[in-house]
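Please look at the sequence and the model together while you read.

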Amino acid sequence: MLQGMRIAREAMYVSDELLSPILRTVSRPARYVGREWNARYKAWEATSIHMVLAYPDIYDIGMSNLGLQILYELANAIPDVLCDRVYAPWPDMEHAMRQHGIPLYGLESRRSLAQFDIVGFSLPYELDCTNVLNMLDLAGLHPLASERGAHAPLVIAGGSGAFNPEPMADFFDLIVIGDGEEALVDVLDAYRAWREEAGPAAPRHSFLPRAAAIPGVYVPAFYRARYDAHGLLVATEPIHPAAPATVCRRLVNPLPPPPVRPPVPYVNTVHDRAMIEIQRGCTQGCRFCQAGMIYRPVRERSVDEIVRGAEALIANTGYEELGLLSLSSTDHSHIETIVERLVERFREQPVSLSLPSLRVDSFSVELANRIQERRRSGLTFAPEAGSQRLRDTINKKVTLADLLRTAEAAYSSGWHRIKLYFMIGLPTETVEDVMAIGDVVRQVLAVGRDIIGRRAEVAVSVATFVPKPHTPFQWMPLIEESKLEQHIAALKKALRGKGIHLSWHEPISTALEAAISRGDRRLGRVNYRAWQLGARFDAWDEHFQAGAWAQAFAEAGLTLDFYARRPRAPDEVLPWDHIDAGVSKAFLLKEQERALRGEPLSDCRLVCHGCGLRARFQLERCPPAPHGEES
Amino acid sequence: MMAMAEEEIPRRQRLRVTYRHGPELRYVSHLDLMRALERAMRRARLPLAYSQGFTAHPRIVTAAPLPVGFTSEAEVMDIWLSTPVSPSEFAGRLAPQLPVGLTILSVEDIPLTEPALPTMLRQARYRVSLPAGIPLADVRQAVERFLSAPSIPRPKRGKGPGKPGPGSYDLRPLVVSLEAREGESGPELEMVLVAEASATGRPDEVLDALGYGDVPAGITRMELIFERAGG
């Protein structure tokens, strides 16, 4: 059994010679070789802190992760820090590595992970957990923090998945909550000071009290979770004097300069393009959206910084496409100027621009027209719900009139295809709401037919709603299986017809995602056991092992439904209550109440609704004043 | 107003670039390497001639794709530029943008009207290094047997390694020359194979036919042999 092939924890340099018998036999071998343009090579002996950033999925996905690009560039800019990268090997490579006794290694240094001082995992998604454990095991490190030796590397984590860190609490020494740019530097500074004072032989755990003192750093070992007789959480409380009662996320403001020299992959990765974050955060306040809550407040980059950043990015990479990233791009106060200047700047090169996350209005269509002179794939919008009632409930501020006006603008300017995103399983959803999706789609198609005849198309993409922590819907249950089946059947029926293309794919792991995202510390045992039983790449349908998870839950005496499908009482202690995202629980509760009354809430750029952020971070203005000069 | 017809940016110059695809990038596929070269040329701000179709792409034509896992001492491609750039300036601007494993060996100005590069290709010379443990005498014997065979039927390759396709082909006529000798770190095979649009000999096929299909071998394309352009 694969698990039994232990990887030795020696210092190993994984040379090309060592790898070549394996690389001949695996798919897309270039992923394991590195040597990309802009990969950073620093001398091991000349640097005093050796860190490796680890992404718990394959290279093809990890290379497009902006967070990793930001930290890689930032950390390598520090003279005495060497920052390497590693991604999860695909099962064929993992098997070959275990057979040949090759440990997981950093791409640049080719050194086994166990030689590093710090291994930093990005946690973008709840279902990456078993990949984390597998990567640790492949590195010859015990997945459980308590079992790793005193001189094992410090294993840390950060990212959006860290906002409910409890299911991963058993595996990490410390977890960074919130914006990583300044927090990571603080951790590295504290690490350096600790090494200097405590000496190279100091055991790993002696660093943790210093770490706990850093704002935004959560040390799971310094907390204990208590449960009552019914299995409900009573508290997650500190058991160490250095640990604060709650850990407040880090907020970086203004945003530091964007990364402009990311490694450029050889293989085709998921979003193979240059990326620039034009703003972080969002003021729309959609109630299902975790990102909108945990990345508040919105912080815009200035037009000059964006244009300069874009120029540097293109000069340093040679990419043919540049993506302007944010949660809601058209909300940037200077989006028109940004687009104008970039279109002008890159007219000759040529560099094509992409502007994802469009608001539903004709302004967005105008911008898209300016950017995409050739009407390629189509325009994408996200109404999310079919009826106005349900859209008001989830606070998606789109009316049918908006959508039809937008469709008209799109089809009139040469677009043939409009793609619409919807969710199913939203709180209070009825079959009527689902059938309303059909009405909406047919009306959009009719607009298209009027303008360009039978060439008009509407593509509909549907995903199941999963309630997330730190959102107004964090108390809601995941939709029941039978209700989901009923709603999907109704949807399919409502969307039959020429010109309408439905893409509905229910990943078999949705219920697991729902359980882990709002799970507590007890799920650590379940994660670990599932991994031991062979679970990995759980987000990939072809690899998801329902049997391993079922057994893992059963052995732990827990059920998936307890976490995924149980509605939580407003006064229930939640496993992430000790993590402060800046938005108050009182606000989230009020939002849930407004949702149940079907009341939307306006964009908070217009008027502050008192979510708690201003008080928490002492913001005079919210959103904070845009950084730098505008043009 | 954007013209909707498929216009092309005028191609003012054609350069033939010979480059080395080194062991550091052995596992980068041909298509991926083309993309990497294109990006390097963009970083160098070289005036590539782009088509203005649905997706703009530069006009780059390679002589023959190099299979994954092979290295090459002399790959050849033609590039079209919209503004003339001297070969030495081209090479000088591109060199600092190239990753380790990619080296420009020569840049030559080629008449725009010359036939397409792949149509001029006739043969390719490969060097294959075998592990030291294999005795040279055995390899020589295998080569003799191979060369004296009137025909060597082989199953056609299907999609993907190890998957047979429909039908078979005769490998023998695709091998122009084949010899074994002592190399730096073990026995070496040097072979010249037919390389044309209608039929291409593959060195890994020759290896397999010799009985060394499962042996870890280093395959390097040493030279592409073209028909000389008229005059």
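Helices (H or I, at least four residues) and strands (E, at least two) are DSSP runs, numbered from the N terminus. With that in mind, find A:D60, which lies in helix α2 of chain A, made of residues 59–62. This is a predicted model, in which local features need pLDDT of at least 70 and side-chain atom pairs count only at pLDDT 80 or more, while totals for chains, interfaces and linings use all residues. Residues are numbered from 1 along each chain as its sequence is written, and chains are lettered from A in the order in which they are written.

A:D60 is buried, with a relative accessible area of 8%, where buried means under 20% relative accessible area with a 1.4 Å probe, protein chains only. Leaving aside residues up to four places away in sequence, A:D60 touches A:R28, A:R31, A:N268, A:T269 and A:V270, a contact being heavy atoms within 4.5 Å.

Elsewhere in chain A, the axes of helix α9 (residues 303–317) and helix α10 (residues 335–345) come within 10 Å and cross at roughly 30°; axes are lines fitted to C-alpha atoms, for helices over the stretch in contact, and angles run from 0 to 180 degrees between N-to-C directions. Because angles under 35 degrees count as roughly parallel, α9(A) and α10(A) are therefore roughly parallel to each other. The contact is made by residues including A:V303, A:I306 and A:A310 of α9(A) and A:I338 and A:L342 of α10(A).

Chain B, finally, has five helices and 10 strands, and of its 231 residues, 50% count as buried.

How values were computed: Side-chain values use heavy atoms; hydrogens and water are left out. Angles under 35 degrees count as roughly parallel, over 145 as roughly antiparallel, 65 to 115 as roughly perpendicular and the rest as oblique.
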